[in-house]
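Please read them with the coordinates open.

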Number of protein chains: 2
Amino acid sequence: MNYEILNKISVIEYLLEIKEVMDFFEDDEIVAEEIGDGNLNYVYKVKSVKNPNKAIIVKQAVPFLRCVGEEFPLSRERMTYEIRALKKFHNIFPNFVPKIYYSSEDMSLVAMQYLANHIIMREGLIDRVKYDNFSEHISTYMSATLFYTSSLALNSSNKRELISKFNGNSELCKLTEDLVFSFAFMEHETNDNANVKGNKKALELFADNEFKEKILTLKYKFMTQSDALLHGDLHTGSIMINQDETYVIDPEFAFVGPFGFDIGALLANLINNYIHHVVVTKDEEFQSWLLNVTSEVLNKFQEKFLNYWDEHSDSALFVDGYLDNNFLRSYKQKFIKNILRESVGFAGAKMARRVYGVAGVAEIRGIEDKTLRAEAEVLALKISRKFVMNYEDINNVEEIMEIVKNVR
Amino acid sequence: MNYEILNKISVIEYLLEIKEVMDFFEDDEIVAEEIGDGNLNYVYKVKSVKNPNKAIIVKQAVPFLRCVGEEFPLSRERMTYEIRALKKFHNIFPNFVPKIYYSSEDMSLVAMQYLANHIIMREGLIDRVKYDNFSEHISTYMSATLFYTSSLALNSSNKRELISKFNGNSELCKLTEDLVFSFAFMEHETNDNANVKGNKKALELFADNEFKEKILTLKYKFMTQSDALLHGDLHTGSIMINQDETYVIDPEFAFVGPFGFDIGALLANLINNYIHHVVVTKDEEFQSWLLNVTSEVLNKFQEKFLNYWDEHSDSALFVDGYLDNNFLRSYKQKFIKNILRESVGFAGAKMARRVYGVAGVAEIRGIEDKTLRAEAEVLALKISRKFVMNYEDINNVEEIMEIVKNVR
């Protein structure tokens, strides 16, 4: 079928022809309602009339930025990469990625599992909900997806094939290059200029050339380091969660990039949430739960990544018998420490860009009281600067947590 | 035309149909003779009967390793990447790459300029011929090809397109991963085992886990660092030269990889030649000419690369006005120093792999006197080890040359 934009009537006509979808509904009559963020894509909840609990999500990308309109073009091929990434990640670890019933790259459309009992993690964390399985789940997700799409697991030609499969996602990579690594640190029309204008802290940031030189090094890594298939935008708004389950959604920024970028994105967003509670709710117990979870995520990630590596002796990098076991262990230790360091650097970039850049986070930009908001911004910028200036010297998770705690 | 292997008769029938080739010959009668290394490909010199000075080279890849036979398959698609790289490099700087008259990826065939008055540089250097324009030429070639195919010159989507165009060359990348970075440093059937057996120095190398751990880090960079389009096998056997001109040929290993790999390959091969003259001819004047040229190549490379960079303000990495000029200069200085360091690391790997690995170089493996050969091997391994263990601390070209001179 040639691409056409579906509405809530035509989406049903379309789905009636799709065997995989109608099998799921056991040929019940179905209806669609529009839901979802509406920023980029059309998202429909499609359900059985007879049994409304039987439902799926249908998501279609349109060739423009939906929340602005057709005058802001954004290629709908981003859905191609979202589909490929969802399938790839689901294959690696089905527990943490929605099940796909049907997808069409031609139609820029995917029909997938409806997560009925989950909420966006960012909202839960703002409401001080503790998710005690989260560190276990997300560390498994990150270690498995990153390890099994890297040159530590794949052979040389499979790794290059994987790169090719996602290499066309350059429009969204460029969005990150511009918005995360550049515009947010200089005068730019895309910034939150209502807050930037006459703001001494913003001008200080824009004039902080030492910091910005370091950001440039991180940007170059983002652009050229082909470690593993990334989600590409792994913040707490890309996670659907409840007490039992954790799902990672929306991998439209997926590409083969540096290990530390996904981990750094998550780290930045957990710390931004911590800052919110330091400044706004002042709930110390929740703050310490958050710091504890953050530290668990990083420690468990390292542990599980190394476990996968130990189980997996054959890869593009390793020729059996090449290195003595003690040296192999030392090599792996240095390798994982380097991932941790780069994660901290990327977390710093990600935190700072949320302060004045185009896309703020609810935890900080959403603070209505201007004084409190400015306080949160200062905290975020301080931690970010420590991260960006010192990430190459980090040795363990404790040092990262010390930076966060000591900055107040 | 579907792929078929041409012989010296059918190659003429084939060329008669190619307008670009017959235009070159002004429709003269033409004949072919087989020439060339014969290791991998068929290479024909095709010339005008009336005017034998009017000639071209026709090179065709076959789907096996020619010198062994059809039982050693090697995909002929390597010619696809050779053609693409020849064209790309010729576009960037036509002076240093043979002119292409015609090419066909389907036929794995290229028809190109015949270099009548040039010899393989390795042979010239063994015969102690000084090429006083070489450092000027090759530094321009390397700085231009590396700069203009990097994220410092290209925008984000053009860079990713370039990666995709060469990403399929994984068979030859894997050859490098195996032969340069792995097998040459361990017991392996592909090694020069006549020399390895009972050789104390070889066993020492194979047991040198500190060195091999460092090699692994270089291998990982080779596999994942997408800086620029590389020649991929830039040794002195891939250079055709005379007093006036320098041509770089045979880029069948081309792919987007780390800057330092091409520079390191050349550095390694110049030093291997130096070692030959230290041990065999003992010609001190030629040795000092060689060291001087090596140092010029590296210094001029850096200077020219930085000049291209200064001329070129717009790229994927740089957003105009992002960084203060002093900091931009400091960033560039660190960046180029890092290229120099990685070049030294890769040079070390390249030198050591020539000692016991599958493909030796004439300068060392070609030494007939066994004592002298062993002496050259020891020198090569000593310099290689210094390079590999210390490359991250190198600050300038003088320090590299000191390592080479002091190792005797």
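Which residues does B:Glu363 touch, not counting residues up to four places away in sequence? Point 1 takes this up; note throughout that this is a predicted model.

1. B:Glu363 touches B:Ile126, B:Asn272, B:Asn273, B:Ile275 and B:His276, with residues up to four places away in sequence left out of the list. The residue is found in helix H14 of chain B, which spans residues 362-365. B:Glu363 counts as buried because 24 other C-beta atoms lie within 10 Å, against a cut-off of 20 or more. In sequence B:Glu363 is 238 residues from B:Leu125, yet the C-alpha atoms of the two are 9.3 Å apart in space.

2. In chain A, A:Ile275 is a residue of helix H11. A:Ile275 is buried, with 28 other C-beta atoms within 10 Å. Residues up to four places away in sequence aside, A:Ile275 touches A:Glu363, A:Ile364, A:Ala376, A:Leu379 and A:Ala380. A separation of 39 residues along the chain sets A:Ile275 apart from A:Asp314, and their C-alpha atoms are 43 Å from each other.

3. Helix packing can be summarised in two numbers, the angle between the axes and the distance between them. For H11 (residues 260-281) and H12 (residues 284-311) of chain B, the angle is about 170° and the axes are 9 Å apart. H11(B) is therefore roughly antiparallel to H12(B).

4. In chain A, helix H11 (residues 259-281) and helix H12 (residues 284-311) have axes that come within 9 Å and cross at roughly 170°. H11(A) and H12(A) are thus roughly antiparallel to each other. Among the residues of H11(A) in this contact are A:Leu267, A:Leu270, A:Ile271 and A:Val278, while H12(A) contributes A:Leu290, A:Leu291 and A:Thr294, among others. The division is twelve nonpolar, five polar and no charged.

5. How are the two chains related? Chain B superposes on chain A by a rotation of 180° with 0.0 Å of shift along the axis, at an RMSD of 0.0 Å. The copies are thus related as by a two-fold rotation axis. Within chain B, the residue that comes closest to that axis is B:Gln225, whose C-alpha lies at 2.5 Å.

6. The contact between the chains takes 34 residues from chain B and 34 residues from chain A. On the chain B side, helices H6 (156-166), H7 (170-179), H10 (209-224) and H13 (325-356) are the elements that give two or more residues. H10(B) supplies the largest share, eight residues. The chain B side divides into 13 nonpolar, 13 polar and eight charged residues. Since 100% of the interface residues of chain B are also interface residues in chain A, the copies meet through the same surface.

7. Which residues of H6(B) are buried? They are B:Ser156, B:Lys159, B:Arg160, B:Leu162, B:Ile163 and B:Phe166. Viewed down the axis of H6(B), these buried residues fall within an arc of 155°, so they line one face of the helix. Their packing partners are helix H7 (170-179) of chain A and, from chain B, helix H3 (78-92), strand E9 (228-230) and strand E12 (255-257).

Technical notes: Residues are numbered from 1 along each chain as its sequence is written. Chains are lettered from A and ligands numbered from 1 in the order in which they are written. This is a predicted model: local features need pLDDT of at least 70, side-chain atom pairs count only at pLDDT 80 or more; totals for chains, interfaces and linings use all residues. Axes are lines fitted to C-alpha atoms, for helices over the stretch in contact, and angles run from 0 to 180 degrees between N-to-C directions. Helices (H or I, at least four residues) and strands (E, at least two) are DSSP runs, numbered from the N terminus. Angles under 35 degrees count as roughly parallel, over 145 as roughly antiparallel, 65 to 115 as roughly perpendicular and the rest as oblique. Two residues are in contact if their C-beta atoms, placed from the backbone, lie within 7 Å. Ala, Val, Leu, Ile, Met, Phe, Trp, Tyr, Cys and Pro count as nonpolar, Asp, Glu, Lys and Arg as charged, and the others, Gly among them, as polar. A residue is buried if 20 or more other C-beta atoms lie within 10 Å of its own, exposed if 12 or fewer, and partly exposed in between; C-beta atoms are placed from the backbone. The arc is that of the directions from the helix axis to the C-beta atoms. Copies are superposed by least squares on the C-alpha atoms of residues with pLDDT of at least 70 in both.
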